[in-house]
Amino acid sequence: MAEIADFVWNFICQHPWIFLALAFHGAVTGGVAYLILLERKTASWVQDRIGPNRVGPMGLLQPIADGIKFILKEDYRPKGVDRVLFSVAPMAMIVVIIVSIAVIPFGGEHQVTRTVDVTGKVDPVAAAIDQTVPVNGNVVRDELGRPLVTVKKSPTARQAKTLATITYRYPFQIAKLNIGVLFIIAVLSLAVYGVVLGGWASNNKYSFLGGLRATAQMISYEIPMGLTLLAIVLMFGTLDLGEIVEKQAHYWGGIVPAWNVFAQPITFLLFLTCIHAEANRAPFDMAEAEQELVGGYHTEYSAMRFALFFLAEYAGMITTSAVCVALFFGGWHLPYLEWLPFFQNSQVDKLHPGITDSFIVCLIRAGVFLGKTTAIIFIFMWVRWSLPRFRFDQLMMLAWRALIPLSLALVLVTAIVMYFAGEQYNMQVGSKLALELLAANIGLIVLTGIISKWLPAAPLTNRKIAIPGSRYMNTPVAAGAAV
């Protein structure tokens, strides 16, 4: 039994990401079902009605009923479709969205210290800190790459054991990449292939138009989204999401949380707008506009194929909302919570607040991250049931005439402020630098308002035209149109 226990422990130490992936992806896919319930409840609140309340207490079993309905419905495939691409499109979309979740840091790092019997594996006489001990796991290493191990001989001569104290660190993150921001942008950009393949394979002109719209929209809005991410990367000099979150876990003036949303509010608003467009959510849902395209790229889909498109949309909301929380709202950091004695005692390194020796603290941080992500998702739903859908020309005009120039200017302003601030990239953003960035954001908006007065106006389309002899000529609307 001891050998089995050691094998299981070593396997967990060597492959902790497997268990994190199973737990996190299971939570996401299960949570997507209840996000649909939250969507319907939000719609009922906005429209002053009750919403789902029949299946289970307060309608909590409604997602299960919806899932059973999708499974039992006829899986209809029209004649003339591309049989392979028709099935590959929804699968490609859901896989891409789920893979992008892997690099999101949702709880800091858990540090564990173990004492291992290394008798016969090291020389107890020449035991030193730089001696390599053959153990598995995420062993903490120093600047030269040497494992931080303490090897000592047992005081009992009869036992003659050599023990090594090894420190492991397990990030609450499926894959800890130092290019996490770049990875998410690259993977999320592949989601458009699922939409395009679905529209093309359906052999339907409405589906094809929906795929074309989605392509133009995603390409257009990926540009300002990437530029807003670049503005945050310039502040910290890293693409590691975990490091960006950790450098927000302090305070300006000892009171204000050092979250990027307070230093770069315009960047946050631009990013929030872009992730709405990337997720094909209203008012940017032109790829599936029911009044024009019946259902867009998923018009011909039914049963579980349609459900995969549906689930991919909500999983995309989770991913983009989690990235927004990590970049602008401090990730797992909850203000003033670490001042409690329990959290202070669990802190391992003052310079790295994300590292803790308490598993409970990591779970609390994961709960904080989940709460912030849910708040951003609620904004998605609130906007959907509050704003009307754009026309497609208005949607393109917003990207190319407003968001892209403004995001370019934000990157330029951020680079200038960081250059003249004289602070190193590996340091936390101080209160002085935060005020300079905030002033730059406000100044840029004022300058944009002034410049916009001198720019040529956008072409007017769908204008109301006065018709001579019409009985509606005397109405206020017609009078205003005539002017």
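Predicted model: local features only at pLDDT ≥ 70, side-chain atom pairs only at ≥ 80, totals over all residues.
Residues are numbered from 1 along each chain as its sequence is written, and side-chain values use heavy atoms, with hydrogens and water left out.

**Met381**
- Met381 sits in helix α14 (residues 359–384); helices are DSSP runs (H or I, at least four residues), numbered from the N terminus.
- Met381 is buried, at 0% relative accessibility; buried means under 20% relative accessible area, with a 1.4 Å probe and protein chains only.
- The C-alpha atoms of Met381 and Arg40 are 9.1 Å apart, although 341 residues separate them along the chain.

**Cysteines**
- There are zero disulfides in the structure; a disulfide is a pair of cysteine sulfur atoms within 2.5 Å.
- Cys274 is buried, with 0% relative accessible area.
- Cys324 is buried, also with 0% relative accessible area.

**Helices α4 and α6**
- Helix α4 (residues 83–99) packs on helix α6 (residues 191–201) at an angle of about 165°, and their axes lie 8 Å apart. Axes are lines fitted to C-alpha atoms over the stretch in contact, and angles run from 0 to 180 degrees between N-to-C directions.
- That makes α4 roughly antiparallel to α6, a label for angles over 145 degrees.
- Residues of α4 in the contact include Leu85, Phe86 and Met93, while those of α6 include Val195, Leu197 and Trp200.

How values were computed: Buried < 20%, exposed > 50% of the residue type's maximum accessible area, 1.4 Å probe, protein only. Helix = DSSP H or I, 4+ residues; strand = E, 2+ residues; numbered from the N terminus. Parallel < 35°, antiparallel > 145°, perpendicular 65-115°, else oblique. Contact = heavy atoms within 4.5 Å.
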